[in-house]
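Some words used for a protein structure rest on a value and a cut-off.

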Amino acid sequence: MEPQIEQIVQAIGIAFDQSQASLHQEALAYIASIQENSNETWRLALQIFVDQNTDGARKYPPQARFFSLRVLDDFLDNKFERFDDEAFQTLQQALVNYIQSEYVVGPAEADATFIRNKFSHTLTLFFLCTYTEQWPSFFTDIFTLLRPSEQSKEKGFNQHISLLFFHIVLEISGEVADQIIKSARTFNTQRHGRDARVRDDVRERDAAQINQAVLTIVADRAERMGELRKNPGAATNPKELDHVVEVVDWGVRTFGSYVSWIDINLTVTPTTVPLLFNLLADSSLPIRLATALALTRIVLKGLKEPGDKLQLLKVLSLGQVLDALETKTREQQVERGGDTDEAEESYREALGKLLNGLGLEVMKLVEDSTSEEIRSEATIYLTQLQPVLLRFMADEYDDTCSTVFTLLSTILGQYKRARKSSAEPLDDTKRNFLTSLLQVILTKLKWDEDPDLDDADEDDITEFEKMRKDLRSFLDSVLTIDQELVTNAVRNLASQTIQAYTNGVPMKWNDAELGIYLIYIFGEVNKGGGKGRSAFCHTPVVDPTKRKGTDYSEFPLTPLGEMLDALVQSGISSFPNRAVSLQFFETASRYTDFFKVRKGCILPTLEAMVDRRGLHNENSQYRLRVYYLFHRFIKDLRNELPANVGPTIIDSVRDLLPIVAEIPEPEEPEMDILTEAIKNSTFDSQLYLFETVGTLCSLMFRSPQDQSALLLSLVKPLMDDLSINFQAFRANGASDLIPIVKVHHIIMALGNIAKGFPDYPNPLPENWALPPMEVFAEMGQAILVCLEAMNIFKPIRDATRFAFARILATAGPNVTRFIPPLMTNLLAHFEPSELADFMNFIGLLIHKLQRDMFDVLDQLIGPLNSHIGTMMSQPISGTDDQLAHVETKKAYVALLNNVMMAKLQGIFISERNASGFESLLQTMQQVAVDVTDPTTQKVAINFLSRCVSVWGQPVSESSASANGEQGLSSQGLPGFDRFIYERLVPAVFGVPSSPNFNVKDGQMMVVLQEIANLLQTVCKIRGDEAFTFLGDVFLPSQSWPPDMVVDFTTKLRLMDAKSFRKYFSDLIKSSRASS
């Protein structure tokens, strides 16, 4: 055995030595095999761990001994059957001898302290394996070692054995009772059963002795701790006090680990309660934290009888203790001033958690107890806790404040339920609590004064915003209970703040920000405040047709309207702090309807937004948010702005319109730098400015010449920049990314300027003032030129598609001539996902332009069908490919349906496309029977149903000679009846017969209903001929019984659409069930 041990030790040494690279992997593999075969190697591991030299020192190095414990752990952790006697004796004797030599008379691994915790875990695993049957005297044997040996100078209990004992009990509690540990590992029936037996046996045999030993050691060492603090000279060694504090700390932790699973009568006694309360106020922070956790676990311990729980809480009297300790620690906070002591704050957190647990247990008694007496006592107790709860809520540190959130939420929940079930007014106790709580919430909603928000860490800002969100939820709860209380409090504080600023009272920035924030949320708080303009002024009922000419300035303001009016008039937007200005802009852009009833407030607000308070502020991140708020404000109020203000505002923001391309440094070698450059948050925010100047320009519609000049003044610099960068790209190629990014950005900017204009109406109203069409045509032409040369870049294709969607929406049929070359270039290079985007884009144009799209679609549909046919015939490889395939197919079918709904179906049978019509129908038939994609299948069946309605009608002489010209009315198509009877009807009847058709799938039921609609459409269009075909030819050929055929065709003829859909679905369900 000795040579093998030496080999293992040597391998461990090499594994820990990175310098021996040639042997490193081999050594790792060898020691891994030792650990994997722990059932055979545990004896070697045991010997490595316990062997000593002749001088009593451990024979092998710490790394080898630590590894040997890992091997023993693997062996013991999976051992659920009884040890044979020899193996048990070997392990027990070796471990007991080790404890004797190392912990009783030795240094307790002083040179390798990491081994202590590892050994306590190993010993615990051995305990779990043997306690029930083979080593029932485990704790008795440990207890005999607790007193110091005669040779030791130590007084009281052996420190090393005490700590070992505590660690073992902690480990046992974790293994047999800690649900977090249990849930973290894979469930094992044998382990679960064994742990339950050990837990029960410990309770029955040794719980009392364990508890007595723990508390005796803690009390003894606590007494010694007090002696040494009073008289440091009495210490037997310089570190005795530290050692004693360590023992008390671990002792209390141990006590807290088992209070939840042993008899409460053992842990809560006339002796333990005073001891714990003394330790809860001890000068040692670790002891205080451990004691707070132990008390929390005692409080949370489940007891069957509510009366027993109430008695426990009364015995503990924690309410008074927490009241005193909260006051003491808060006074210490004040004494520290600005010096934060995170350690002491963690103690206040622990006290808050203790209060939270105590309060939740009291709430259970209030809500769940059937005894009126218990509920009454618990209610009184809860009332006594509420002032302490409020003081913890008011703590300036959010981590401490949040410890009582669960309790507060539970109390408010109970108040809300009581309020809902009774119309009685709140009693004084509850109302006083809510009033005090409201003041705490309103104070906590405020930013800390220092540091300034501009200098705050991003994480701190995120944490405060989360805190504000939580506090808002509490505010909403109080609002549900007493709306008037909240409304008045919020309004009063907000109004007082704005009035104080107006009167020149010096004010801190965070007070000003809070005042505006309260106005910002007042619309949500004031639930009965009305909607639209009526939220801001008391308006009579106004006829919608006369609303535009109504002078709302004559009507008195609501409380929210008064606050907003005071806010704008106060000039607080000029407060020398960006957080205050930003909150002002957030509030103004939220309540734009207010400015419709007090139009005099619009220009002062716009002035603040445009100058250094807003868009021209020196802080770049701040500006990005104001870009959006400015855009939202203008967009909502565009109809209220005087036309002549547009050019002035545009001139004031021209300096913000130049576009800068930023190329990021690659963080990873495989990073797509072009894609990352396109994802520029600064430019994305700048796009709001381009849309806004477009909106302002559109307001000049009464002066077409001025509007054209103004638009050109915005577009020309962009077009010139576009030309410069386009030429740079042609000169430098794809290696120079800046011109590519600039071209992308400029195309997007042009599209957003167009987005600011209203959509082209369809039909065009009389006297409609068209925007400068020639400018939009120039924009479209320039973008197309760039696309033609740069269509290999996806970002350019995406930007072009976006820009043209906006230009076409604004200019309508005046620029549809650009669509064919646009389509050609977009489809010259494309990724599968882009094809779906392109078809959605075309669908949008169909919706906007209707008949004006006929010629464009006539040119487009043939090549598009070819692309789709090619794509659908390609084999699918991988999940991404599958997803792109499905999305493209869905978009294609949706596009075809859009064509039909817009009555543009003539494109399918036009001279240019007639030859591909049959192929199109065949493709759609394939989609209609594909049960793997029921969503698209339903739309395909709907398309075929529309085809039947248009081309399935009996052919007359006039329609037989009709060509594909626009096809705006329904015309029968020669031969289409054969398609219906020979292919379409058999295909849809075959869908429910598919082995993959699942009648329990809701989507499949929708498909069935669409098939039912199609069958009714066929019979409606073809008349008796269709009923004859189904009844005499098709259904009999499918082996339908005659009576079923008659029933089906009768129902099909007589039922309305809804009834037949239900009948058909039920018929298929029953037939599938019987088969």
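In this predicted model, the buried residues of helix 39 are covered by elements that include helix 37 (794–811), helix 38 (819–828), helix 40 (854–873) and helix 41 (879–901).

Q: Which residues of helix 39 are buried?
A: In helix 39 the buried residues are Glu834, Leu835, Ala836, Phe838, Met839, Phe841, Ile842, Gly843, Leu845, Ile846, Lys848 and Leu849. Gln850, with a positive phi near 50°, follows helix 39.

Q: How do you know that the span of helix 39 agrees with what its 18 residues should give?
A: At 1.5 Å a residue, helix 39 (residues 832–849) should span 26 Å, and because its end C-alpha atoms are 26 Å apart, the two values agree.

Q: What makes the contact of helix 11 with helix 14, and how many of its residues are nonpolar?
A: Leu215, Val218, Ala219, Ala222 and Met225 of helix 11 meet Thr272, Leu275 and Leu279 of helix 14. By class, this contact of helix 11 with helix 14 has seven nonpolar residues, one polar residue and no charged residues.

Q: Why are helix 15 and helix 16 called roughly antiparallel?
A: The axes of helix 15 (residues 285–300) and helix 16 (residues 306–316) come within 10 Å and cross at roughly 155°. Angles over 145 degrees count as roughly antiparallel, and therefore helix 15 and helix 16 are given that name. Their contact is made by Ile298, Val299 and Leu300 of helix 15 and by Lys309, Leu312, Leu313 and Leu316 of helix 16, and by class it has six nonpolar, no polar and one charged residues.

Q: Why does Ser581 count as buried?
A: Ser581, which is found in helix 27 (residues 578–590), has a relative accessibility of 4%, and because buried means under 20%, Ser581 counts as buried. Leaving aside its neighbours within four places in sequence, Ser581 is in contact with Ser573, Phe575, Arg613 and Tyr622.

Q: How do you know that Phe1064 is buried?
A: Phe1064 lies in helix 49 (residues 1057–1074), and its relative accessible area is 0%, which is under the 20% cut-off, so Phe1064 is buried. Apart from neighbours within four places in sequence, Phe1064 is in contact with Phe989, Leu1008, Ile1011, Ala1012, Leu1015 and Phe1048.

Q: Why does Ile909 count as buried?
A: Ile909 is found in the loop between helix 41 and helix 42 (917–928), and its 17% relative accessibility is under 20%, so Ile909 counts as buried. Ile909 and Leu973 are 64 residues apart in sequence and 9.4 Å apart in space, C-alpha to C-alpha.

Terms used. Residues are numbered from 1 along each chain as its sequence is written. This is a predicted model: local features need pLDDT of at least 70, side-chain atom pairs count only at pLDDT 80 or more; totals for chains, interfaces and linings use all residues. Side-chain values use heavy atoms; hydrogens and water are left out. Helices (H or I, at least four residues) and strands (E, at least two) are DSSP runs, numbered from the N terminus. Buried means under 20% relative accessible area, exposed over 50%, partly exposed in between (1.4 Å probe, protein chains only). Contact means heavy atoms within 4.5 Å. Ala, Val, Leu, Ile, Met, Phe, Trp, Tyr, Cys and Pro count as nonpolar, Asp, Glu, Lys and Arg as charged, and the others, Gly among them, as polar. The expected span of a helix is 1.5 Å times one less than its number of residues. Axes are lines fitted to C-alpha atoms, for helices over the stretch in contact, and angles run from 0 to 180 degrees between N-to-C directions. Angles under 35 degrees count as roughly parallel, over 145 as roughly antiparallel, 65 to 115 as roughly perpendicular and the rest as oblique.
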